[in-house]
Amino acid sequence: MTLRFYRRCATSDLPELHRLATTIETWWPQILAFIRTGITNAGSEGTNRVIKTIARDAYGFRNPVNQRLRTRCATTRRTRGHLNPR
């Protein structure tokens, strides 16, 4: 199936398909690892996005300790909804 996909992309006149084939070829080991294991780094990517957003919002704080504290507070398990505080 893979060879058929690459042949079809190669014979196409669409540059987007050439780019798609190149991207898939580049990332194929990671794609195959996901298919085999079902393990992703989506959790860490989501946490990283939250950290970057909070850090961007806290930009301009005079005290860097407060900026780090704000980031840590935003990424705790309770804040992300994993625990149900009563």
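A residue counts as buried under 20% relative accessible area, as exposed over 50%, and as partly exposed in between. The exercises below apply this to a predicted model.

**Exercise 1.** Determine whether Ala55 is buried, partly exposed or exposed, and state which residues it touches.

*Solution.* Step 1: locate the residue. Ala55 belongs to helix H3, which covers residues 42-57.
Step 1: classify it. The relative accessibility of Ala55 is 25%, and therefore this residue counts as partly exposed.
Step 2: list the contacts. When residues up to four places away in sequence are left aside, Ala55 touches Gln67 and Thr71.
Step 3: compare sequence and space for one of these pairs. Ala55 and Gln67 are separated by 12 residues in sequence, while their C-alpha atoms are 6.7 Å apart.

**Exercise 2.** Classify Ser12 as buried or exposed, and describe its surroundings.

*Solution.* Step 1: Ser12 is found in the loop that links helix H1 (2-11) to H2.
Step 1: its relative accessibility is 17%, so Ser12 counts as buried.
Step 2: with residues up to four places away in sequence not counted, Ser12 is in contact with Leu17 and His18.

**Exercise 3.** Identify the nonpolar surface patch that contains Ile35, and account for the exposure class of this residue.

*Solution.* Step 1: Ile35 is part of helix H2, residues 15-37.
Step 1: Ile35 has a relative accessible area of 56%; because exposed means over 50%, the residue falls in that class.
Step 2: together with Trp28 and Phe34, Ile35 forms a nonpolar patch on the surface. The accessible area of the three residues together is about 310 Å².

**Exercise 4.** State which helix has the lowest mean pLDDT and which the highest.

*Solution.* Step 1: begin with the whole protein chain. Its mean pLDDT is 81, with 87% of the residues at 70 or more.
Step 1: turn to the elements. Helix H4 (residues 64-74) has the lowest mean pLDDT, 77, whereas H2 has the highest, 92.

Conventions: Residues are numbered from 1 along each chain as its sequence is written. This is a predicted model: local features need pLDDT of at least 70, side-chain atom pairs count only at pLDDT 80 or more; totals for chains, interfaces and linings use all residues. Side-chain values use heavy atoms; hydrogens and water are left out. Patches are made of residues with over 30% relative accessible area and no salt bridge: like charges are joined within 9 Å, nonpolar side chains (Val, Leu, Ile, Met, Phe, Trp, Tyr) within 5 Å. Accessible areas come from the Shrake-Rupley method with a 1.4 Å probe; for residues, only the protein chains shown count as cover. A salt bridge is a side-chain nitrogen of Lys or Arg within 4 Å of a carboxyl oxygen of Asp or Glu. Helices (H or I, at least four residues) and strands (E, at least two) are DSSP runs, numbered from the N terminus. Buried means under 20% relative accessible area, exposed over 50%, partly exposed in between (1.4 Å probe, protein chains only). Contact means heavy atoms within 4.5 Å. pLDDT is the predictor's confidence in each residue, from 0 to 100.
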